[in-house]
Amino acid sequence: MPRTLYNKVFDAHCVAQDGDDYLLYVDLHLVHEVTSPQAFDGLVERGRRVRRPELTLATMDHAIPTTSIDYADCSEESRLQLTTLASNCQANNITLFPMGHENQGIVHVIAPEQGRVLPGMTLVCGDSHTSTHGAFGALAFGIGTSQVEHVLATQTIRVSRAKTMAITLEGELPKGLTAKDLALYVIGQIGARGGNGYVIEYKGEVVSGLSMEARMTLCNMSIEAGAKSALIAPDETTWRYLRPFFTDHNQWLEQQAYWQTLYSDDEAHFDKRFSFDVSELAPQVTWGTTPAQVIDVNQPIPLSSDSTTQGALSYMGLRGGDALSDHAIDVVFIGSCTNSRIEDLRLAASIAKLGKVAHNVRALVVPGSMAVKRQAEQEGLDKVFINAGFEWRHPGCSMCLGMNNDQLDSGQRCASTSNRNFEGRQGAGGRTHLMSPAMAAAAALTGHITDIRSWL
């Protein structure tokens, strides 16, 4: 029978079935300091060890400072999380990239840039945005703490089979628009719960034209539509990205032959389908407290009397009918596992070099990894940002979730390239507007949300 890409990868990793429950083999388990301590404690309590430490990769990212790589600058709670992770990894022979290590960075940035993510893999992590890696045609999804323990102990995960959704993006993406705009637009169209129970596969000519980094952004944000994960079938763009990681030519040919089978068959059944023409798409900006509350940058803030809209407007300090550009920005954050790769920083720097950060605006640029930081500095991007008045930081999750000192004060308004704008996400009382790196950089220079198309 014709099968979807999701079902091909799922079936290839199924080792047991009990009714509607399946046991899937896990090819790569990513670990960080926040969701792993209880899992390792559970192993000790039950007298177990990590079954496949060589298939486990750990890094420090969520709770570390970005102003320093000194443990003394961590909070007491964060320091305990970090030292506990280091101890657990040492005890179980797990590769760890600690703070300051040349390979350290955000977990969803370092795995692809080190060639650890390949098409057809299964990949899990105790983090909801693990769907990022679906850009390679890998089945990747976030898991809870008890599941982290299960994967550590067995190298398998117990799951149910998801429903499948195809989202086709057609047309030609307008100049100045990015994968972040695509992601926010799709979420706005299908809703914050539109993907509940589904794995999304992105298709169409627009998706085929995206770089691997842009595809990672698109898959990363799929969780904000409620999806379990997201996938993009591997193609020539994928091969070009992965080729440098293979020194054995015969191994490369063997792998590529398998990868070329990883696509949804023409007659494959999807439980739901959407198709969007994005030829006239405008830059997208969130106005509310979910990524689905999003509008074109030049649209007025929605007018509505429903309690959900009114609650979001009240929290955000906005009025229906006003323009987003009428409200001053206090902070700009360029970073997170959504938009902290070298392509994102190049785009933001191309805008930053056109001016200076506006008075009373604090602007942070946080690379996604030490490798991204090194590359950016080799290209002189750090100097572009610093000369424009941005703060150039060390890698980490930073203000995306505010687990370190990078937080908004209550009432501050932030133009952010991160993935969530929930109440208090970036600091208690903080107000977050999600947008692309170019849009965030423009907001830093003007002091308010600005249509990037006027800068091109």
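I looked up the residue opposite Lys163 and found Tyr198 in S10. The model is predicted, so I note that local features need pLDDT of at least 70 and side-chain atom pairs pLDDT 80 or more, whereas totals for chains, interfaces and linings use all residues. Residues are numbered from 1 along each chain as its sequence is written, and side-chain values use heavy atoms, without hydrogens and water.

I recorded that S9 (residues 163–170) and S10 (residues 198–203) pair in the parallel sense over six bridges. Pairing requires at least two DSSP bridges between two strands; strands (E, at least two residues) and helices (H or I, at least four) are DSSP runs numbered from the N terminus.

I then traced the open sheet of four strands, which has the order S11-S10-S9-S12 with parallel pairing. S11 (229–231) and S12 (272–277) each have a single partner strand, so one side of each edge strand lacks a neighbour in the sheet.

I noted that helix H6 (residues 179–190) lies across S9 and S12 and runs at about 125° to S9. Angles run from 0 to 180 degrees between N-to-C directions of axes fitted to C-alpha atoms, for helices over the stretch in contact; contact means heavy atoms within 4.5 Å.

I found 92 residues in the largest nonpolar core, with Ile167, Leu169, Tyr202 and Leu218 having the most contacts inside it. Such a core joins buried Ala, Val, Leu, Ile, Met, Phe, Trp, Tyr and Cys residues through side-chain atoms within 4.5 Å, buried meaning under 20% relative accessible area (1.4 Å probe, protein chains only). H6 supplies the largest share of this core, eight residues.

Methods
Buried < 20%, exposed > 50% of the residue type's maximum accessible area, 1.4 Å probe, protein only.
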